[in-house]
Amino acid sequence: MTIADACTLIALINKKDSYHEICRLNASKVSKPLLTTWVCFAEAMYLALAEGGWFLQEQLWQYPRRGMLQLYTPSQEEEGRMYELMQKYRDRPMDMGDASLVTMAETLHLTQIFTIDSDFYFYTLNGKTPFEVIPVGAKKGI
């Protein structure tokens, strides 16, 4: 499975997004279904509403409904790890969505992330393992 960040989910569904084409082209390079956390899915829903209203939100809902995206719920223990990561990376700063993705990746031993957020070049898993970021050349996060 490949982890998907909120900004990439938005770029995939929003043809007006400047990263739409690069994300669409790179979607074939990642294993399916994509995997994200409920925290990131909520963030993507908020962005979808702001950028295109219900039209984009409805498109985003189709990803889990059609089995193209699985949603992961962090455990209480993982919530504690999210806090630790946000504290560790407070100089970036790390948002809760990113913390949830790093924590999920550590728990499930996943390293590939589909994102346009350059912070994932900086974050490491368990303090040592870098992410494999697709597409290469990510921008500053949302």
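Glu106 is buried, with a relative accessible area of 9%, where buried means under 20%, exposed over 50% and partly exposed in between, using a 1.4 Å probe and protein chains only. The model is predicted, and local features need pLDDT of at least 70, side-chain atom pairs count only at pLDDT 80 or more, and totals for chains, interfaces and linings use all residues. Residues are numbered from 1 along each chain as its sequence is written, and side-chain values use heavy atoms, with hydrogens and water left out.

**Salt bridges**

- The whole structure holds four salt bridges, each being a side-chain nitrogen of Lys or Arg within 4 Å of a carboxyl oxygen of Asp or Glu.
- Glu106 and Arg81 meet through their side chains in a salt bridge (2.8 Å, N to O).
- This pair links distant parts of the chain, 25 residues apart, with Glu106 in helix α5 (residues 96-108) and Arg81 in helix α4 (residues 76-88); helices here are DSSP runs of H or I with at least four residues, and strands are runs of E with at least two, numbered from the N terminus.
- Arg92 forms a salt bridge with Asp119, with the closest N and O atoms 3.0 Å apart; Arg92 is partly exposed at 29% relative accessibility, whereas Asp119 is buried at 2%.

**Helix α3**

- Trp61 lies in helix α3 (residues 38-65) and is partly exposed, with a relative accessible area of 34%.
- After α3 comes Gly67, whose phi is positive, near 80°.
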